[in-house]
Amino acid sequence: MKRTLLLLFIFNFQFSIFNLFAQRPNQAYWDYIERYHKMAQEQMARYGIPASITLAQGLLESGAGRSELATEANNHFGIKVGTGWTGPYVVKSDDRPDDRFRKYKSVKESYEDHAQFLMKPRYQSLFRLSKTDYKGWAYGLKQCGYATNPTYAQQLIHIIETYNLHQYDSKHSGKHSRRLSKHPSPTVVSPKATPSSREQAQQEFFASHPVNVCNRNYYIVVQPGDNLPTLAKMVGVSKRKLLKYNELPKSYIPKPGDILYLQKKRSRADKSFKGIPHTVQAGESMYTIAQRYGIRLESLYKLNHLAPDYVPQPGHMLRLY
């Protein structure tokens, strides 16, 4: 059992949601781009959303059209039901185990709804940007709250530049575009190719602070020299929320090795731990155990019917799910 726990823990803690330099162009992405780039350009012509952004979001959110949500519901942008949606939906585990996602009759309907979704007031600042400013749009989407992953903007930019998707932001792109996207000219460098000081700082930060996933939540590990204001600024989560999500006091000073979750933790561990308890090790506290599995501290006590003053002892077994 201990070996199973160790393997499951390593899987949850070592799986990184984002590695800028690991992705390589692949055929599934080329096929998706070939199939849907005109649809993205149609949305750009009608609504002013860069085709490169639409394509990159579609590729990222749907796994190049291969995710369950895309294949079962034609949902290529991960849009949830929300308020005002009266159409069909499917239930998938995401932020909650019973999250409802919009279901469409066709991919075209998904693309159209994505454009309509971005017409909401919260995204209106994006439309003051140029349709060729894909970096501005990528960072703007993150700032406006489209996704919770702190590296969402960098992921979009990486996809756009890897597959040369910004070529579709030009109304002059033609039938030869796929050939160009596979062989972008190395001698033509756009001014936008030079990262801003802010982008450079974020790239350096996430190179030393990889974003990982545990219990369907993003987290980073504190490194030497980190302070709370800088961490909050880099991950795009306020100091107040970082403290709240991680159940920390206002006086908290980051220590190397601390785990910081970027969203509210869950009331149970991942479903893979159902029926698999945690064996308390020497030096562990209820808080470190809760952080290890991405569980709220109060929930860990409740799951095990323990009093608030309970102190775990080595060898004790704690229910996680």
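**Strand pairing, loops and helices in a predicted model**

Val221 stands opposite Ile259 in strand β5. The model is a predicted one, in which local features need pLDDT of at least 70 and side-chain atom pairs count only at pLDDT 80 or more, while totals for chains, interfaces and linings use all residues. Residues are numbered from 1 along each chain as its sequence is written, and side-chain values use heavy atoms, with hydrogens and water left out.

The protein chain contains 13 helices and 7 strands. Helices (H or I, at least four residues) and strands (E, at least two) are DSSP runs, numbered from the N terminus. Of the 321 residues of the chain, 47% count as buried. Here, buried means under 20% relative accessible area and exposed means over 50%, with partly exposed in between (1.4 Å probe, protein chains only). Among the contacts in the chain with a separation of 6 or more, 63% are between residues 24 or more positions apart; a contact means heavy atoms within 4.5 Å.

Two strands are said to pair if DSSP finds at least two bridges between them. β4 pairs with strand β3 (residues 212-214) in the antiparallel sense over 3 bridges. It also pairs with β5 (residues 259-261), again antiparallel and over 3 bridges.

Asn215 has a positive phi of about 55 degrees although it is not a glycine. Most residues other than glycine have a negative phi. Is Asn215 buried or exposed? With a relative accessible area of 2%, Asn215 counts as buried. Its side chain reaches the backbone oxygen of Arg268 at 2.7 Å and the backbone oxygen of Tyr293 at 3.5 Å. These are polar contacts, that is, pairs of N or O atoms within 3.5 Å; within protein, one atom must be able to donate a hydrogen and the other to accept it, and residues adjacent in sequence count only if both atoms are side-chain atoms. Arg268 also takes part in a contact of another kind: its charged end sits over the ring of Tyr321, 5.3 Å from the ring centre. A charge sits over a ring if NZ of Lys or CZ of Arg is within 6 Å of the ring centre and within 35 degrees of the ring normal.

Two other loop residues can be described. Glu247 lies in the loop between α11 (239-245) and β5, and its phi, near 55 degrees, is a positive value in a residue other than glycine. At 32% relative accessibility, Glu247 is partly exposed. Ala282 is placed in the loop between β6 (278-279) and α12 (286-293). Ala282 counts as exposed because its relative accessible area is 67%. Ala282 and Gln313 are 31 residues apart in sequence, while their C-alpha atoms are 7.3 Å apart in space.

Two helices were examined. In α6 (residues 134-143), 8 of the 10 residues are buried, so the helix is largely enclosed by the rest of the structure. The buried residues of α6 include Tyr134, Trp137, Tyr139 and Leu141, as well as Lys135 and Lys142. Just after α6, Gly145 takes a positive phi of about 95 degrees. In α10 (residues 228-235), the buried residues are Leu228, Leu231, Ala232, Met234 and Val235. They cover an arc of only 170 degrees around the axis, and therefore lie on the same side of α10. The arc is that of the directions from the helix axis to the C-beta atoms. Asn227 caps the N-terminal end of α10, with a side-chain oxygen 2.9 Å from the backbone nitrogen of Thr230. Just after this helix, Gly236 takes a positive phi of about 75 degrees.

The structure holds 14 aromatic pairs. One of them joins Phe117 and Tyr123 and is tilted, at 5.9 Å centre to centre with 45 degrees between the planes. Rings of Phe, Tyr and Trp (its six-membered ring) pair if their centres lie within 6.5 Å; planes under 30 degrees apart count as stacked, over 60 as edge-to-face and the rest as tilted. Both Phe117 and Tyr123 are buried. Tyr32, Tyr36, Phe77 and Tyr111 form one aromatic cluster.
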